Each structure stands twice: as C-alpha cells, then as structure tokens.
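Open the model in your viewer and keep the selection tool at hand. We will go stop by stop.

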Amino acid sequence: MSSSVRTKLAGKHNPTLAMLLSIVFAGFGQLYNRRYLKGVIFIIIETSFLITVLPWLNYGLWGLRTLGTIPGTDHSIRLLVFGVLSLIALIILGTLYVFNVLDARKQAMKIRDGWKPLPFKETMRTVYDTAFPYLMTLPGLLLMVFVVIFPLIFSVLLAFTNYNLFNSPPRHLVDWVGFENFKNLISVDMWKDTFISVFAWTIVWTVVATTLQIGVGLFLAVMVNDPRIKFKKLIRTILILPWAVPAFVTILIFAAMFNDEFGAINRDIIIPLIGGDGLPWLSDPFYARIAIIMIQTWLGFPFVFALFTGVLQSISKDWYEAADVDGGSRLQKFRHITFPHVMFATAPLLIMQYAQNFNNFNIIYLFNEGGPPVRGQNAGGTDILISWVYKLTFDTNNYAMAAVISIIMGLLISGFAFYQFRQTRSFKEEGEI
Amino acid sequence: MNQKTKSKIEVTAIYLVIAVISIIIFYPLIWTVGMSFNQGSSLYSSSLIPENFSIEHYKWLFSAESDYLIWYKNSLIVSTVVAAGSVVITSFVAYAFSRYQFVGRKNGLYIFLLLQMFPVMMAMVALYIFLNIIGLLDTLTGLILIYLGGQIPFNAWLVKGYFDTIPRELDQAARIDGAGHLRVFWSIMLPLAKPILAVVALFNFMMPMFDFLLPSIVLTSEENYTLAVGLFNFINDQFSNNFTRFAAGSILVAVPIAAIYLFLQRYLISGLTAGGSKG
C-alpha cells in the first residue's frame, strides 16, 4: 500500500502501466515513457511484422503441426523445414517482445524515481555501449542459428516421424508417430542386434584407436626428447609428416594398399614374409577392424606427438634435478613429473581426440565404406554409429531411424564432453571489465 | 664403463625405434609417389619403383580433358574465403565473450560446442532443403556459408581462451586514453592475438580443402566440384582403374599443403596449447 502511495507522490509515473501498454502493442509503453524515437521504431517493427511475417509464420506452424493434409500436394518435409524456421523466427521475435516489455518497465521505474533523460548524444552512447557485445556476436550467432541450431531441431523432430524410403513426399504424407521409432530400435530384433553390435564396436574403436594414438605419441615424444638424441629437428619433422599430409588422401591410399587382391600390403609384405594368399583385409570384419585401427594410429599419433613435444620442452629442469637428488628412478620421474605435467596441459585437447574418433566418419567410410557386410544386420563390419547413420540416411533413406540414432549419439557424446569440460579447468570463468 | 655401455645401448634402441617408425611413415607416401609416375592407369600392374617412368598422369590432369584445374580453383576460392571470413567472425565473437558482459555470455559458447557434437548427417538433409529454398544449392556461396557457421563454436572457444590471457590492464589503459570498443579490438587485441588467429586461418583453409562429404551433397554439377569431391569421384567409380590419376592429383595438392603445415607447425602447436588449455 504505502509503496504505491509513494509512487504517485514521486513522479506519478506507473511502471505497471508502461509494462501493460507495451504488452498491448510494442512501443506504446515507450511512448508513455516519453521515449518517442524508440517507441516509434518499436511500433514500426511490430506493424511491419504483423503485415508481412504473420501469415507466413502461421502457415509454418500449421505445417509443423499437421505435416500437410493433402498427399501429392503438401510436401511434408518442406513443411517441416518451414515449420522449424518459423519456430526459430517466433523465438527471436518473442525475445524482442520480452525485451520491449522489460525495457518499458525499467525506464518507467527510472522516471518514477526522478530520472532525467540524458541529452541525445549521451543516450546514443550508452545504447552503443550496452549493444556493442550483441553487435559483435550477431553475425556469428545468425550463422550458427542456421547452420547449427536449425538442422539440429529439424533432425530431432524427424526422429518422431515416419519418414523413410517407402513413406516419403511428395507421394505420401509423413506423420508424427511419437516414440514409435525409439521403441522399434529396442524391440525389433534386426534393429536391436545391429544397434548393439555397432555400438559396441564404436566404443571399442574409440577407446582403442584413440588410446593407441595418444600412447604412441607420448612414447615417441619422450624418446625423442631424450638429451642424448641428436638430429631432433629432423626426427620431429619426419614424425609429424602423417599429420601434414591430408588424411583424405592417405586413407584412400591405405585403402588401396590394403586391397585383398592387388594391395601392396599383401603383395609386398604379407605374402613374401609369411606366405599364403595374404590376409583378407577388406573382406573379413576382424582384419578390417585391425587395419583401420592401425591406419588411425598412423594418422593420429603425430598431432599428439607434436603437442606433447611442446609441453615436454616447457617442463622446468629443476623438477628432474630435485628428483635426481632424492634418488628417483626413471620410471618414478616419468610417473610423478612428466606424465602429470603433460596430461594437465593437454587434457581438453586429448578429450577432443576421443570425441573426434567417436565421430570419425571419414576413415570408416573412405577405407571400406563400413564394410564388409554382416549377415542379419543392416550395418557393415566396421561401421561405427556415424557411418551407419550415413548409410541409413543416404543409402537406404531411413531418415527417421537415422535421426533416432543421431539423437542417442549426440546425447552420449555431448554428455561425456560436458562432464569432462567441467572436470577440467577450462570451464573456469575469469574476471570482467 | 658399464653405465656407458648401457647408455649406448639405450640410445641405439631409440634410434632403431625411430628408424622403424620412419619406414612405416614413408612407405605409403613413397608408394603413392611411385604410383603416380607409373604408366597405365591400373593399380594391378603398377609397382613401387616404376618400370616405365612417365608423367602422363600429370599431363592428363592439366589437359582440357580433365576438370582438375577448375576444381583446384574452386577449392582455393572456398578455402581462402572461409579462412578470411572465419578469422573476422570468430575474433568478433571471441572479443565479446572475453571482454564483455551480456546475456548468454557464461554458457553460450559451451552450449554451442556441445550442440555441435550431434552428428551432422541429418543436418545435411536439412541444409540441403534449406539451401534449395534460398537458391544457394550447388553454389560455392552456400558451401562457404555452412563452413563459416559450423567453425564458429570451436574456433571462438580457442580464440577466447587466447584473448583471456591478454592482460586486461592493457585495454583498460587504452580506454583511459580514450580508445573506443573497436579501437581496443583493432589496435590491442588483434595484434597480440596474431598467433592464434593464424592457427584459425590455417585450420579453416585446410578443412574445406579435403572435406568431401558436405560438398558432395551441396555441389551437384561437375564444374562446381571442389578438389576432394573431384578426386574422390576418380576412384569412386572405377576404383582400380583411375588410381594412378588420383595419386598424381593428390600429390599436387598434398605437397604444398604438407609444406605449409611443416613450416607452420611450431605456431600451430603453441597456439593450440595456449588457446585450448586456458580457454
């Protein structure tokens, strides 16, 4: 009670009224606050929005809800794209609207408390100051909305439809089916078996290949860093070479070299050394898996090696001298000085290596297109989740199921990354201006 | 004496390991070079050291018959624009995230980083339809825009980490002297962050060069292909038959790129560890 009395006494300016006015129509509250320029701009924006965007938005949301009603005319997937775009537009406009309401309220409160408007130039200055970070991030944000957010929403929504080769527009309409696809994945045998075996191999692949490349990188970095070794620069250049040559090229070359019939590995190494007809690198799942793990190690260790070499050179010699005084063995020095230093400095980048291999589509696809085929499964012997999703999307056009698996993968990997990021210090915030 | 012998054996063992690794590294590379100088196009008849040395495949690449030069040009256009654009956009974003207070500052970047870990295959379906709607399908512009948007989260995180290591006292001093927001950005932040910006530029120059998945979906006509798509199609259709051409075409891109990498690797590593661990 007393506060409202004071309000009237202070300036007879009512923030609630300003707020209500700007809810009724953007800009009215600002006019009431006597911020005429701002008010007029807001009014123009809302009017033009109502005239131009509203019908389009309405159509988009209708499409999102129904996914079309007339087979052959309504293209469900186009409608879905329109729907997602209008959803994003709606969120952006909603944010602007909320901003308009809050702005009216804040300004009214200031006026009530006896605030005098600053000269025009000053006002523009403060506006520029607060708007500056938004202006800087705007181009990037817009691009990310269309390249990251929009496709993500689209694919999440696809998981709840029955969009596949046999039920695809424009001949048929796609419908919302709820959690049907998720249920199929765990109840239909073919899906369940494939998912479990592909998932298991994905985990094995990620852990083994990444750990191997980190291990080899660390081993070589420590060895080359030994003070007794000469020609360090030359050796380092050679060891970094596989990183410098584009992976796209090397994977395809390896694919040719591992070819069962005419590949160089069988012809020049296996047959002369061991004899027999060579190993079935491409046609046997076991050997194919061994081959891609070896190739990935070849491709991946140089980056880790270079990274570790940089860190090793920065470790102060004092640590080792102190250890020598205490009579520490070489293994002890490695365990208690080298290893913690190296891991501490590179943890986030190493975590990313795991995440990268989990999603390492290129090597799987370029080596053998995920093959060889496996009976009773719709994924090949070396297929990891991401290459399986690729096959489902572009080969068999089972979009809905591909979306379901994408969601599961995304949740797994981002959950893991989130947990790890929080563990490392990179999540720390620093001071502000 | 015993100590000395032991040390000698150790050093020899290390050199031996390095020698073995070097052979493993060089074998496929030399094999490819040998392949590209082999006569004929079949993989089967080719050998490591060419019996009939010839440069016919290189000649063919530059002949009117092949689109190799057009692809090379397309790739250079895409890579250059993406490299330049990404430096501008990410440094803007990173500056805001490093030095200003605004809604979404605390978690914005991380949310995007996490969202980006969702697989991109389905996104490609969405982007395909979207590019089609706005008329940018089968254009280099469409491809460039997608690359530019996709690289922001990781690179902005990297650059922000580097900006955070630049002492705030510097920009505060400049502000006292009357420098504005952009002035501080241009005259203080950018010059000091050159190493990490070079890393961003290099990464974004290399990435489009050898990405084949996205361009193979976005670009449909052969004269718009980038190198990776074009080269992949060499061997995708008739694997063993065009392999020698593929080898020659790859060498002509891989050699300059490997040279740049080796030349700049020191900066790459220092930039990555500085930006990545302090981010």
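Predicted model: local features only at pLDDT ≥ 70, side-chain atom pairs only at ≥ 80, totals over all residues.

## Stop 1: where the chains meet

## Stop 2: chain B as a whole

How many helices and strands does chain B have? It has twelve helices and zero strands. Walk from the N terminus, and the elements read α-α-α-α-α-α-α-α-α-α-α-α.

Next, look at the overall dimensions. The C-alpha trace of chain B spans about 75 × 75 × 35 Å along its principal axes. The radius of gyration of chain B is 24 Å, while a compact globule of 279 residues would have one near 19 Å.

Select residues 3-57 of chain B for domain 1, then residues 65-274 for domain 2. Over C-alpha atoms, the centres of these two domains of chain B are 33 Å apart.

How much of chain B is buried? Of its 279 residues, 42% count as buried. Turn to the contacts in chain B with a separation of 6 or more: 76% of them join residues 24 or more positions apart.

## Stop 3: helix H4 of chain A

Bring chain A back and select residues 36-66, which form helix H4. This helix has 31 residues, so at 1.5 Å a residue it should span 45 Å. Its end C-alpha atoms lie 43 Å apart, in agreement with that.

Zoom in on A:Val53. H4(A) has a kink of about 50° there, shortly before the proline A:Pro55.

Which residues of H4(A) are buried? A:Lys38, A:Gly39, A:Phe42, A:Gly60 and A:Gly63 are.

## Stop 4

Most residues other than glycine have a negative phi.

Step past the end of H4(A) to A:Leu67, which follows that helix. A:Leu67 sits in the loop between H4 and H5 of chain A. Its phi is near 60°, a positive value in a residue other than glycine. Is A:Leu67 buried or exposed? It is buried, because 23 other C-beta atoms lie within 10 Å, and 20 or more are enough to count.

Now jump to A:Phe231. Find it in the loop between helix H8 (189-224) and helix H9 (232-244) of chain A. Phi of A:Phe231 is near 55°, again a positive value in a residue other than glycine. Is A:Phe231 buried or exposed? A:Phe231 has 12 C-beta neighbours inside 10 Å, so it counts as exposed. The cut-off for exposed is 12 or fewer.

## Stop 4: helix H12 of chain A

Finish with residues 285-314 of chain A, helix H12. H12 has 30 residues and reaches 43 Å from its first C-alpha to its last. That is close to the 44 Å expected at 1.5 Å a residue.

Centre the view on A:Gly300. Here H12(A) has a kink of about 35°, shortly before the proline A:Pro302.

Methods: Residues numbered from 1 in each chain as written. Chains lettered and ligands numbered in written order. Helix = DSSP H or I, 4+ residues; strand = E, 2+ residues; numbered from the N terminus. Rg over C-alpha atoms; globule rule 2.2 N^0.38 Å. Contact = placed C-beta atoms within 7 Å. Expected span 1.5 Å × (residues − 1). Bend = angle between axes of the 7 residues up to and from the residue. Domains from an automatic or database assignment.
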